Amino acid sequence: LLKEPWQPTCALLVFPGGADLGYCRVLNGYGNKLIEQYVRRGGAYLGFCAGGYYGSARCEFEVGNSGMEVVGSRELAFYPGTCRGGAWKGFEYESEKGAKVARLKVMKEKFEGLKELTSSVACYYNGGGVFVDANKIAAENWNVQVLAEYEDPLDVDPGQGKAAIVYCKVGEGRAILTGPHPE
């Protein structure tokens, strides 16, 4: 991303789960500017779990858990709010201990033309966040839409709504950020 001319041939830039601090260490500054310009000029970004935290304006992960806490602003800020997690307690790096099946309520009205779309889906979850106040932000900012919400109660404060997946219009481009792993 830092040295090759990837933008002209990139159809979708995907950031997987794991931990977003590595992304910050390598890409803060110049790298994020390249990514932001790519999306703003018509590109697409898909962030799963850590990629969702990374694409938000602020990351709040495991606040109060001294061994794992990560809190801070993020440069891309495709979602203009906070991604807070883990949505449920029990996450451990390099482990399935905190993994679970997350039930998601799909906002079917956001998917015009997909008649076979179900209103509830089961999805793999392991440490992802919730997009805080996404319903409020979406009501005030037409560039943000909630695509799916967690159905079960969360272990962190989600603000208004329990957004698990958000769509963000960014200039001529778009970003989809997820807490769980629908992939």
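Visitor: What makes Val-26 count as exposed?
Guide: Val-26 has a relative accessible area of 51%, and exposed means over 50%, so Val-26 passes that cut-off. Bear in mind that this is a predicted model. Val-26 sits in helix 1, which covers residues 20-27.

Visitor: Which residues form a nonpolar patch on the surface?
Guide: They are Leu-1, Leu-2, Val-26 and Tyr-30, and together they have about 370 Å² of accessible area.

Visitor: Why is Leu-21 called partly exposed?
Guide: Leu-21, also in helix 1, has a relative accessible area of 35%. Buried would need under 20% and exposed over 50%, so Leu-21 falls in between. In sequence, Leu-21 and Tyr-53 are 32 residues apart, while their C-alpha atoms are 9.9 Å apart in space.

Visitor: Where are the nonpolar side chains gathered inside, and which residues touch the most other members of the largest core?
Guide: The largest nonpolar core holds 35 residues, and Ile-35, Tyr-45, Phe-78 and Tyr-79 touch the most other members. A second, separate core has 13 residues, among them Ala-87, Trp-88, Leu-104 and Leu-154. In soluble globular proteins, nonpolar side chains tend to be buried together.

Visitor: How do you know that Arg-74 and Asp-20 meet in a salt bridge?
Guide: Their side chains come to 2.5 Å, N to O, and the limit is within 4 Å, so the pair qualifies. Arg-74 lies in the loop between strand 4 and strand 5 and Asp-20 in helix 1, so this bridge ties together parts that are 54 residues apart in sequence. Both Arg-74 and Asp-20 are buried. The structure holds 5 salt bridges.

Visitor: What makes Lys-97 and Glu-92 a salt bridge?
Guide: Their closest N and O atoms are 4.0 Å apart, and within 4 Å is the rule, so the pair is counted. Lys-97 is exposed at 65% relative accessibility, whereas Glu-92 is partly exposed at 34%.

Visitor: Which residues are linked in a network of salt bridges?
Guide: Arg-58, Glu-60 and Arg-84 are. Within it, Arg-58 and Glu-60 have their closest N and O atoms 3.0 Å apart. Arg-58 is partly exposed at 33%, but Glu-60, at 14%, is buried.

Visitor: What kind of peptide bond joins Gly-85 and Gly-86?
Guide: That bond is cis, with omega about -10 degrees. Gly-86 lies in the loop between strand 5 and strand 6.

Note on methods. Residues are numbered from 1 along each chain as its sequence is written. This is a predicted model: local features need pLDDT of at least 70, side-chain atom pairs count only at pLDDT 80 or more; totals for chains, interfaces and linings use all residues. Side-chain values use heavy atoms; hydrogens and water are left out. A nonpolar core is a set of buried Ala, Val, Leu, Ile, Met, Phe, Trp, Tyr and Cys residues joined through side-chain atoms within 4.5 Å. Buried means under 20% relative accessible area, exposed over 50%, partly exposed in between (1.4 Å probe, protein chains only). Patches are made of residues with over 30% relative accessible area and no salt bridge: like charges are joined within 9 Å, nonpolar side chains (Val, Leu, Ile, Met, Phe, Trp, Tyr) within 5 Å. Accessible areas come from the Shrake-Rupley method with a 1.4 Å probe; for residues, only the protein chains shown count as cover. Helices (H or I, at least four residues) and strands (E, at least two) are DSSP runs, numbered from the N terminus.
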